[in-house]
Amino acid sequence: MNRDHVDALRAAFREEAHDLLSELESGLLGLEERPGDAELVGRIFRALHTIKGSGGMAGFSEIADFSHEVESLFDLVRAGKLRVDDEVIDIGLSSKDVISALLDGKQPEAIRETVQQIVDRAKSLSQGKAGGAQHESHGGAVLTVPSEAESREPQRSAIYRIRFTPSLDLFAHGINPLLLLRDLATLGNCRVNARTSEIPGLEAMDPELCYLSWDIVLTSDRGLNAIKDVFIFLADSNDIRIDEITDAATIPLEPRHKRLGEILVERGDLTPQSLEAVLTEKKAIGQTLVGKGLVRDEDVASALAEQELVREAAERRQSEFSSRSIRVRSDKLDSLVDLVGELVTVQAGLAQVAAHLDDPELAAASEKVERLTADLRDTTMGMRMVPIGGSLERLNRLVRDLSRQLGKEAHLVTVGEETELDKTVIERLGDSLVHLVRNSLDHGIEEPAIRTTLGKPRAGKVHIEASQSGGYVYIKIADDGAGLDPDRILARAVDRGVVPTDAGLSEREILNLIFLPGFSTASTVTEISGRGVGMDVVKTTIESLRGEVFIESDRGKGTEVTLKIPLTLAIIEGLLVEVSGEHLVFPLSAVDECLEYSVKERAQEASIGAKRLVEVRGSLLPFISLRSLFSITTARPAIEQVIIGQVDDKRVGFLVDRVVGSHQTVIKNLGSLYRKIDGFSGATILGDGTMALILDLGRLVQRAESSERAEAMRQAKQPVSIAK
Amino acid sequence: MFSCTAEMQVTESGTRRAVVKISGRATIDHAHEMWEKLCQAFAQADEVALALDEVSEADLSLAQLVVASRKSEQSSGKPLALVGRPPESFLGVLAEAGVVLPIETEREPVR
């Protein structure tokens, strides 16, 4: 195996293992809530098993060895030999952290002590609690050391047919066949059919002999040797036949299930000639065969069980196949998005040429290209969309660990995990979600004793809900804690000179003060939050995603922070406008309507201070002139347009020269030189190769408001002239 | 604590009915004793009732005896019935071992 191959294998394992670790963590947290959930135990076991197997193959021997120890512990849980308790969950979670650290390149020597502690805890737990009860037929220690092959290679799943005909004196040897059947059942999905035909009537029987025999169909990924091991202590006089019917992974997706007759012939219960003779009679085959005395009822029952198990395995594989996905490196997706962006730009150019040449054939072709480009854009964008559930899941662990650390009780409720967002957006959102949840736990949720006194449940609740509306995803992070104290926030703001004493702020404006840099009302700085570096970073992050943050709080009842985030950062529908010959783009999702604004209306223009107002269906609406804001002094056209949009839940107008029309906008980042220019979130290339800036409406409103304030202060400071 | 008794009753119609009652640990250690009582019941009575409701523990030897009794019923023509529902412990053993009991488990005793 050459070096490149090894590197590729290791990289693929790292990628896979991170997903498996998330699966492991969510499984463990789920199991903590529902300790009896066998499906979760299975998920945890499989995750560990795959990490162990793939890790070994990729050369991560420390991970493989360590996972093996933990897997053994969960094997006991799976077999019902060890009860799930806090210790089991803690060991599982600590193991996840260790594997994660090893994956991220931590040197095994650096964490050797931690690893040893976890292994010791696992061993002591399994030996202490399951010691006497386990492995009745095999004896030995709980944490068995597997063969080299077993610890390194995950077995493939296969379906086995086992015919177990014990010797008549089985009971006399002190063997209880039931225990063997139980052991088999731990190896996978098992169907057991007892054959009772050899049991004679009372008068002819010796009650101490074993007349029973069994047909077992087993789907297992543990390999033939594991099955043989179950029968290892039986003498040769016992007849055990184990045949692999099929490899579960190669069952055709739409199989032609073996017919009953075929199975009976294959098993040797029926001759092909007898089958052929009966088939000509066209009755239910099982019934006919039994009726003719060719096979026994139990043969038919056993064959039917096998048929059913194979069908189930095929269905399972079908469902796995349906949900199968392929892994694509995200940089490949990024370059696909870039190419689609280029195509959108070229298409816009083509449309412009077609319009200019006024050629119907070219126009028709251009329209087709436009439709295809739009479809391609949507498909490509869709490929980058991932459910937010993965990000929310890791918060479960945070809530669990933090609440313990703080001596509080809290649980996380998540809704809308299936809501999808652009992968890049989700990645950039992660830290903000963590910070908001930390805030809720640290400052919001009260200690259990206080909550009880207040008549609240002992355990607090952090509720996160994601939903999509239009081009935005809304994420609400709410807690049922103490809520924010507006008086304290205002006092702190005044104390810091952020606002004057007589600012007369509304409660909402006061709450928004917590988003100011360096602002914190926490009386003690904790390790968790309260350093005053959080909420402003949250706001900056969300705004850098062209999103918004809203906060509401009810004192004593809790706080709710809402993040409004655009679905994607790459391509948006825009509204192209013109101001003094320059093109600008409004995000279409923020635009409600466009109104004409004529010279006549300009003459009647009402204003309050520097703010202009326009009458819209009987009510006055403030608007911002982009010409004024950008200090453009060229002549205004006779008819202008007011674009009315939503900014921070308020309707605001923007006065522009002309509306060009809707425009598929491929967002390009502004270079670092222009990054600090307020009011623009990016730029886009138009069909003719020129550039248009994309407006950040929230920032524009803030910029207009600060110019208004500066103007008002300038006017207030002007000396009063006294006429002589 | 194991016990196995066979009580003979005579119904109003003059039918001789044997009620075999098994209680406690009905396992291989007591298989011979249970078998003797069942044989005696089939030999002496016109119909047999089997009461397993007080069985606290069972293994496959009991399952074999029930199947064998059913076969004796067919060969002798003497009806066999189960009195009441067998305990969950026994039904669990049957389920794990894939044994289908050849007698209805809820059938009322023959009067």
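1. **Where the chains meet.** In this predicted model, 21 residues of chain A are in contact with 24 residues of chain B. Two elements of chain A, helix H7 (177–185) and strand E2 (188–195), each supply at least two residues of the side that touches chain B. H7(A) gives the most to that side, with four residues.

2. What kinds of residue does chain A present on the side that touches chain B? They divide into 14 nonpolar, four polar and three charged.

3. **Chain A overall.** Chain A has 724 residues, and 33% of them are buried. Its secondary structure comes to 23 helices and 22 strands. Now take the contacts in chain A with a separation of 6 or more. Residues 24 or more positions apart account for 69% of those contacts.

4. **A helix pair in chain A.** Look at helix H13 (residues 330–357) and helix H14 (residues 360–384) of chain A. Their axes come within 9 Å and cross at roughly 160°. Angles over 145 degrees count as roughly antiparallel, so that is the term for H13(A) and H14(A). The crossing of H13(A) and H14(A) is left-handed.

5. **What lies between the two helices.** Residues of H13(A), including Leu333(A), Val340(A), Gln347(A) and Leu357(A), meet residues of H14(A), among them Leu362(A), Val369(A), Glu370(A) and Arg384(A). By class, the contact of H13(A) with H14(A) has 15 nonpolar, four polar and three charged residues.

6. **The sheet in chain B.**

7. **One strand pair up close.** Strand E3 (residues 47–58) of chain B and E4(B) run parallel, joined by four bridges.

Notes
Residues are numbered from 1 along each chain as its sequence is written. Chains are lettered from A and ligands numbered from 1 in the order in which they are written. This is a predicted model: local features need pLDDT of at least 70, side-chain atom pairs count only at pLDDT 80 or more; totals for chains, interfaces and linings use all residues. Two residues are in contact if their C-beta atoms, placed from the backbone, lie within 7 Å. Ala, Val, Leu, Ile, Met, Phe, Trp, Tyr, Cys and Pro count as nonpolar, Asp, Glu, Lys and Arg as charged, and the others, Gly among them, as polar. Two strands pair if DSSP finds at least two bridges between them. A residue is buried if 20 or more other C-beta atoms lie within 10 Å of its own, exposed if 12 or fewer, and partly exposed in between; C-beta atoms are placed from the backbone. Axes are lines fitted to C-alpha atoms, for helices over the stretch in contact, and angles run from 0 to 180 degrees between N-to-C directions. Angles under 35 degrees count as roughly parallel, over 145 as roughly antiparallel, 65 to 115 as roughly perpendicular and the rest as oblique. A crossing is left-handed if the near helix is turned anticlockwise from the far one by less than a right angle, and right-handed if clockwise.
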